[in-house]
Amino acid sequence: MYFAPRQAQTTLQCPHCPGKLQIARTCHEAYMRCPECGRRFPLQQFIARADDAMEHFLESLYVDRV
Ligand SMILES: [Zn+2]
């Protein structure tokens, strides 16, 4: 059985600290989180700046739902 990755490292800067954000998901939502300060952020505010890692992650998310 295939499982899409549950999280991926991105190159996006955390708004609160020098950390780089990760994109992660639960079974029904995706969000950004920072491994350095532990904050979570809504995905929507980062979509416009999505990097390759984010785009690949989101693609696998949609494939997973089909
Ligand atoms: Zn942070």
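Is Cys34 buried or exposed? Cys34 is buried, with a relative accessible area of 1%. Buried means under 20% relative accessible area, exposed over 50%, and partly exposed in between, with a 1.4 Å probe and protein chains only.

This is a predicted model, in which local features need pLDDT of at least 70, side-chain atom pairs count only at pLDDT 80 or more, and totals for chains, interfaces and linings use all residues. Residues are numbered from 1 along each chain as its sequence is written, and side-chain values use heavy atoms, with hydrogens and water left out.

**The zinc site**

Cys14, Cys17, Cys34 and Cys37 coordinate the zinc ion through their SG atoms, at 2.3 Å. Donors are N, O and S atoms within 2.8 Å of the metal (3.2 Å for Na, K and Ca); water is not among the atoms, so sites may look incomplete. The donor residues follow the spacing C-x2-C-x16-C-x2-C. The 4 donor atoms subtend angles of 103 to 117°, so the arrangement is tetrahedral (four donors, all angles between 85 and 135 degrees).

| Residue | Relative accessible area | Class |
|---|---|---|
| Cys14 | 4% | buried |
| Cys17 | 18% | buried |
| Cys27 | 65% | exposed |

The disulfide count is 0, a disulfide being a pair of cysteine sulfur atoms within 2.5 Å.

**Around Leu21**

Leu21 touches residues including Cys14, Cys34, Met32, Phe41 and Phe46, leaving aside residues up to four places away in sequence. Contact means heavy atoms within 4.5 Å.

Methods:
Four donors count as tetrahedral if all angles lie between 85 and 135 degrees; four count as square planar and six as octahedral if opposite donors are over 155 degrees apart and all others between 65 and 115; anything else is irregular.
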